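Trainee: Could you show me how to read aromatic contacts in a model like the one below?
Mentor: Gladly, let's look together.

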Amino acid sequence: MIDQKITGAEALIKSLLAEGVDTVFGYPGGAIIPVYDVLYGYADKLRHILVRHEQAATHAAQGYARVTGRVGVALVTSGPGATNTITGITDALMDSTPMVVISGQTDSKGLGTDAFQETDVIGITQPVTKWNYQVRRAEDIPWAVSRAFYIASSGRPGPVVLDVTKDAQNGKLDWTYEKCNYIRSYDPDPEISSLAVSEAADLINGAERPLIIAGRGVMISQAENELLALAEKADIPVINTLLGLSTIPSDHHLYKGMAGMHGNVGANVATNACDVLIAVGMRFDDRVTGDCSTYARQAKIVHIDIDPSEFNKNIHSHVSILGDAKKVLSQLEGQVVEAHHDEWLATFERPDAVEYEKVVRDEVFPTEGLLNMGEVARRVSEASGNKAVLVTDVGQNQMLSSRYFKFSESRSIVTSGGLGTMGFGLPAAIGAKIGAPDRQVCLFVGDGGLQMTVQELGTILEYKVPVKIILLNNNFLGMVRQWQELFYNEHYSQTPMVNPDYVTLCKAYGIPAEDVTDRAGLDEAIRRMLDSPTAYLLNVQIKPHNMVFPMIPAGASIDNILLNSNEHYI
């Protein structure tokens, strides 16, 4: 009699395919070999990207998820393979990125015996996952995968970990698959309170100085059109959090910039001047609020979010609307009246003019000296027609590229916001390019962050991933150096760096690269990079003491804005 059963390993691959997965980022090892053995026969249906380190698998999965809106998948072995994913899992949790990480595990009988490469993956990952589960029986694999994808992608998205024992991978089961769409006690799409929507609409209709702050939740719920409809109907200026960038076009007349520590002056000043603040899909992070006791104290605050735990956690809201941002904004737009706020919008002119004179002009349009990070970011953005996906690492490169890149369509920024993970950029750019092959993907990275995951140049080599890498090289850990300069008496403790020859390093990986040292050759170098059909690196020599301004000192009020090392906005 022919055995019609399949192994748990094959059930895992078939379950991924049933969820529509087309790409997996991973690294094999002993405890996950059965799955990789099955994967060998599914190469035409499921693409596997062999990264060079398991942390990179999670960051690449994040990049993929952020540009596509789909669940990113990472596949690793037990022990160090699993523990190497913790940073990426935590990053995904803080930035609400849908991701499923599947780790191999020792046989069930070996659990708790300190077997080779055994680690308590469930215990380790429980604080940093939306859900985790250890699969010990082959027949539980389809159920676990289905549940994992539902939890990861619904409500407020996040990471899920499945730890699959080797005997579960080798065991047999009758194959059936049913997609999960309901879990008792879990409500990812709560009913929206019509009373709360009406109360919010009344506040907006009575406002003289309304302001919208839009976060990543707008992008997650695909509410960009609804955001614009509300803003345009009620004539409300819109500012973005870092992760909310690109949810409204940069050239829209109602867009007033980025909020937060290194955000635009007008955006921050307006937050402490508005009379109604509509916060959509954002969590009032400390980098946005500064001193919570002084944040928007004059305003009535409407907070729209899918996660009830965010309400009144950091900032008290007068109206909290629990629900999907797309649905809430649609209902809200139907109840607000058309309005004009010309006088309120005109108040942005002065801070914008001061910021241009004191910050932007010298950063973006210098006439002498070494190159600035901001001018490089602006020129790359313009050369791409402002259509590229911006991927950043963390630090000065992140803040300046986010400030000066321009966005014309949504899902155009991939960055590590909540966790601030150096090393995120290179693998995330790989994942983003694989997820959006028809879009130009431009990575801005510092010399410190690049070296944290530089081994992923090998992934680019193997899979010919044509990411464009702009290395903003100042031979410093720049953001820490900036704090040392401003607040620690210029004690540059362990921030200067001796760097390798990056062009020679790229040559070893078959990646075209060139040094850019002067302003006159910058535009042509950018054009060569963008026109290249392959990956390309520009090693741009940056002013060593390039600073990111404006800056709100940590813990200060958001209208306490440094325009430079000595001058505040007044």
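This is a predicted model: local features need pLDDT of at least 70, side-chain atom pairs count only at pLDDT 80 or more; totals for chains, interfaces and linings use all residues.

Trainee: Which ring does Trp143 pair with, and how do I describe the pair?

Mentor: A pair of aromatic rings is described by the distance of the centres and the angle of the planes. Here the partner of Trp143 is Tyr133: the centres are 5.2 Å apart and the planes meet at 70°, so this pair is edge-to-face. Tyr133 sits in strand E6 (residues 131-135) and Trp143 in helix H7 (residues 141-153), so the pair links distant parts of the chain, ten residues apart. Tyr133 is partly exposed as well, at 26% relative accessible area.

Trainee: Which residues make up the aromatic cluster there?

Mentor: Trp131, Tyr133 and Trp143 form one cluster. There is a charge to look at too: Arg147 lies over the face of Trp131, 5.3 Å from the ring centre.

Trainee: How many aromatic pairs are there in the whole structure?

Mentor: A search finds 13. One of them is Phe25 with Tyr64, edge-to-face at 6.1 Å centre to centre with 65° between the planes. Phe25 belongs to strand E2 (residues 23-26) and Tyr64 to helix H3 (residues 54-68), so this pair ties together parts 39 residues apart in sequence.

Trainee: Are Phe25 and Tyr64 buried or exposed?

Mentor: Phe25 has 0% relative accessibility and Tyr64 has 4%. Buried means under 20%, so both count as buried.

Definitions and conventions. Residues are numbered from 1 along each chain as its sequence is written. Side-chain values use heavy atoms; hydrogens and water are left out. Rings of Phe, Tyr and Trp (its six-membered ring) pair if their centres lie within 6.5 Å; planes under 30 degrees apart count as stacked, over 60 as edge-to-face and the rest as tilted. Helices (H or I, at least four residues) and strands (E, at least two) are DSSP runs, numbered from the N terminus. Buried means under 20% relative accessible area, exposed over 50%, partly exposed in between (1.4 Å probe, protein chains only). A charge sits over a ring if NZ of Lys or CZ of Arg is within 6 Å of the ring centre and within 35 degrees of the ring normal.
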